[in-house]
Amino acid sequence: MRRLLLLALVACTHAEPAPTPAPEAKSADPIASFATVKTVLQSPRCVNCHPAGDQPLQGDDGHAHQQFVQRGPEGRGAIGLACATCHGKANPPASYGLHMPPGVSTEWRLPPPEHRMVFAGVAARALCEQLKDVRQNGGKDSAALLHHVSEDPLVLWGWSPGTGRKPVPVAHADFVKAWKSWTDAGAPCPPQG
Amino acid sequence: MKLNVNGTVHEVDAPEDMPLLWVLRDVLGMTGTKFGCGMAQCGACTVHLDGQATRSCVLPVSSVGSRMVTTIEGLSPDGTHPVQKAWAEVDVVQCGYCQPGQIMSAAALLAHHPNPTDAEIDLALAGNICRCGAYQRIREAVRAAATQRRADR
C-alpha cells in the first residue's frame, strides 16, 4: 500500500473571497477526492510555481514571470536574481497597491530542478502518479506530503495571496479533507484519459 | 526602530510600513539608491540585505530587522569596489539613473558567483532595466570586475 505521495506545491491558505466548497470533497470516493486535489494543484496559485518549463508564471492568467526569472539551481531563482530579491517575508501591505511581489514567512521558491513537480497542463492520471512517486516528489513520504499540504506556509499562502490575486478556489480545509480521503484509500489514480 | 545601514546603526522614526527605499532617501538622506517603478519591476532601488540583492521599494522598513543594509554609498568607502572601478573603466554610464541598482546587483552576483558566464550575468541582471540600453557595456563591465576580483585574490 503505497502512501508515498507528494506535492511540492509551492503555493497554496486563508481566504479573501470565501472559497467555494468543492462538491467532490464531500464524497468518500477517492477518485472524486483526487479531482478536488487536482483542482487545487492546477489553480494559478499553485501552478505558477509548478510550471512546465523553468520560468515561473505570474498572475491569475499565468503569464510568464517578468524579468525572465528562472527556477535556478536550487529552485530559489538564478544566482544573483534569487526569488528573495523581490519576494519578502510577508505580502506587502495592501496600501502598496496592486502587482506587488507577494511574500511568505519561510521562503519563496519553486521545486528544484531535480524534481520539478510540473503541475501545469498535466493530465489527472499523470499528476496523480507524479505525486506518489518519491523519485519525482523530492523523497516525500505520506506524512511529509500531508504536512506539506496542511502546514507549509508557502502552500498556505495560496489562500491568502495578497491584493489583487484570487485565492485557491477550494477551501483549505476541504482540500486537506479531500487529500486525506484520497490517500487513506491508497491514493488510487484515475484511469488514463 | 534601529536600522543598520552601511555599518552604522541609525535610530529611525518612520511608519512601520514605509518602504525601506523611502527611509533611505527621505529620512536618512541617502539618495544614491533610486526610485524607478515602486513595484520591484526595474531594479533601480536595489540594495543589499546581508549581502543579498533586494528591491528596497517594496520592502517595509519594519521587516528589515537586524539585517545589515548596504547601499551604493556603502559598497566601498572610496568608490574602489571592483564593480565600481570596472564601471568607470568601461564607461558604462549614459544617463546613470539605473546604475546604482545595476552595480549593486552586479556586486551581489560576483560575491556569490565570482566567475559567471555571459548567460549567468544576463539572468542575474535581467531584473535591472536600463532605459539607455547600456546592456552590452554593463555585461562587459561585470566581466571586467570578475576578472579584477580574481586578480586581487
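Trainee: Which residue is the bridge partner of B:Leu49 in β4(B)?
Mentor: The bridge partner of B:Leu49 there is B:Gln52. Strands are DSSP runs (E, at least two residues; helices are H or I, at least four), numbered from the N terminus. This is a predicted model, in which local features need pLDDT of at least 70 and side-chain atom pairs count only at pLDDT 80 or more, while totals for chains, interfaces and linings use all residues. Residues are numbered from 1 along each chain as its sequence is written, chains are lettered from A and ligands numbered from 1 in the order in which they are written, and side-chain values use heavy atoms, leaving out hydrogens and water.

Trainee: In what sense do β3(B) and β4(B) pair, parallel or antiparallel?
Mentor: β3(B) (residues 46–49) and β4(B) (residues 52–55) pair in the antiparallel sense over four bridges; pairing requires at least two bridges found by DSSP. Two residues lie between the strands of this hairpin, where B:Asp50 takes a positive phi near 50 degrees.

Trainee: And how many bridges join β3(B) to β5(B)?
Mentor: Two bridges join them, and the strands run antiparallel. B:His48 stands opposite B:Thr70 in β5(B).

Trainee: Are the β3(B) side chains buried or exposed?
Mentor: B:Thr46 and B:His48 point one way, B:Val47 and B:Leu49 the other, and all are buried. Buried means under 20% relative accessible area, exposed over 50%, and partly exposed in between (1.4 Å probe, protein chains only).

Trainee: Changing topic, which parts of chain A does the salt bridge of A:Arg45 and A:Asp60 tie together?
Mentor: The side chains of A:Arg45 and A:Asp60 meet at 2.6 Å, N to O. A:Arg45 lies in helix α2 and A:Asp60 in the loop between β1 and β2, so the pair ties together parts 15 residues apart in sequence. A salt bridge here is a side-chain nitrogen of Lys or Arg within 4 Å of a carboxyl oxygen of Asp or Glu. A:Arg45 is buried at 3% relative accessibility, whereas A:Asp60 is partly exposed at 32%.

Trainee: What about A:Arg125 and A:Glu129, where do they lie?
Mentor: Both lie in helix α3 of chain A, four residues apart, about one turn of the helix.
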